[in-house]
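Welcome, and please open your viewer. We will take this one selection at a time, starting with a sheet and ending with the whole chain.

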Amino acid sequence: QVQLVESGGGLVQAGGSLRISCAASRRTSGMDAMGWFRQAPGKEREFVAAISWSGGVTGYADSVKGRFTISRDNAKNTVYLQMNTLKPEDTAVYYCAATPTGRYYRDHAPTRKSDYNYWGQGTQVTVSS
């Protein structure tokens with residue numbers, strides 16, 4: 001069982017930056033991958049970024065590549081998403097997600113929603129033009 005709590009969302013002007021965080025509480029230890037997804041009004045939830053347990057493997061959606069950076073601090077059980085050069089089309093609710101634990105996730109960063117078992121409640125990011 002994993003509980004995920006996002007924080008750091010808010011309103012920012014286009015071109016600005018924002019860092020959102022996700023704190024995880026786990027009943028048992030193990031290696032899992034973490035991801036960020038987002039959902040804009042009227043649209044499906046889409047992949048944004050993912051990171052392996054080791055932190056050595058990351059993946060990004062084409063729409064955010066070069067602007068967003070995912071990172072994690074396993075000692076703090078926290079994953080971050082640094083968002084730079086924000087655009088109005090980045091406006092969405094951002095969700096943190098965690099995979100099940102397993103050695104596979106030490107060096108793999110899945111991009112499909114179906115790979116993730118645990119989800120946070122989301123944090124709103126609004127980018128004004």
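This is a predicted model, so treat the tour as a walk through a prediction.

**Stop 1: two strands side by side**

Select β1 and then strand β3, residues 18–26: the two pair in the antiparallel sense over 6 bridges. To see the pairing residue by residue, click on Ser-7, which stands opposite Ser-21 in β3. Then move to Leu-4, whose opposite number in β3 is Ala-24.

**Stop 2: the rest of the sheet**

Click on Leu-18 and look across to Met-83, its bridge partner in β8.

Now which order do the strands of this open sheet follow? Reading across, you meet β1-β3-β8-β7, 4 strands with antiparallel pairing. The edges are β1 (2–7) and β7 (68–73), each of which pairs on one side only.

**Stop 3**

Select β9, residues 92–98. Is this strand mostly covered or mostly open? It is mostly covered, with 6 of the 7 residues of β9 buried.

- β4 (34–39) runs antiparallel to β9, and 6 bridges join the two. Find Phe-37, which stands opposite Tyr-95 in β9.
- β11 (123–128) pairs with β9 in the antiparallel sense over 3 bridges. Click on Ala-92 to find its bridge partner Val-125 in β11.
- β10 (118–119) also pairs with β9 in the antiparallel sense, over 2 bridges. In β10, Trp-119 is the bridge partner of Ala-97.

**Stop 4: the nonpolar core**

Show side chains and select Trp-36, Leu-81, Met-83 and Tyr-94. These touch the most other members of the largest nonpolar core, which has 32 residues. Strands that each supply at least two residues of this core include β1, β3, β5 (46–51) and β7.

Zoom in on Leu-81. What does Leu-81 touch, leaving aside residues up to four places away in sequence? Its contacts include Leu-18, Ile-20, Trp-36, Val-48, Phe-68, Ile-70 and Tyr-94.

**Stop 5: a threonine in a loop**

Next, select Thr-99, in the loop between β9 and β10. Why does Thr-99 count as buried? Its relative accessible area is 0%, and buried means under 20%. A polar atom of the Thr-99 side chain lies 2.9 Å from the backbone nitrogen of Ala-33. Beyond four places in sequence, the residues that Thr-99 touches include Asp-32, Tyr-105, Pro-110, Asp-115 and Tyr-118.

**Stop 6: the whole chain**

Zoom out and color by secondary structure. How many helices and strands are there? The chain has 0 helices and 11 strands. Its radius of gyration is 14 Å, close to the 14 Å that the globule rule gives for 129 residues, so the chain is as compact as a globular protein of that length. The C-alpha trace spans about 45 × 25 × 25 Å along its principal axes.

Finally, 42% of the 129 residues count as buried. Among contacts with a separation of 6 or more, 61% come from residues 24 or more positions apart.

Conventions: Residues are numbered from 1 along each chain as its sequence is written. This is a predicted model: local features need pLDDT of at least 70, side-chain atom pairs count only at pLDDT 80 or more; totals for chains, interfaces and linings use all residues. Side-chain values use heavy atoms; hydrogens and water are left out. Two strands pair if DSSP finds at least two bridges between them. A nonpolar core is a set of buried Ala, Val, Leu, Ile, Met, Phe, Trp, Tyr and Cys residues joined through side-chain atoms within 4.5 Å. Buried means under 20% relative accessible area, exposed over 50%, partly exposed in between (1.4 Å probe, protein chains only). Contact means heavy atoms within 4.5 Å. A polar contact is a pair of N or O atoms within 3.5 Å; within protein, one must be able to donate a hydrogen and the other to accept it, and residues adjacent in sequence count only if both atoms are side-chain atoms. The radius of gyration is taken over C-alpha atoms; the globule rule is 2.2 Å times the number of residues to the power 0.38.
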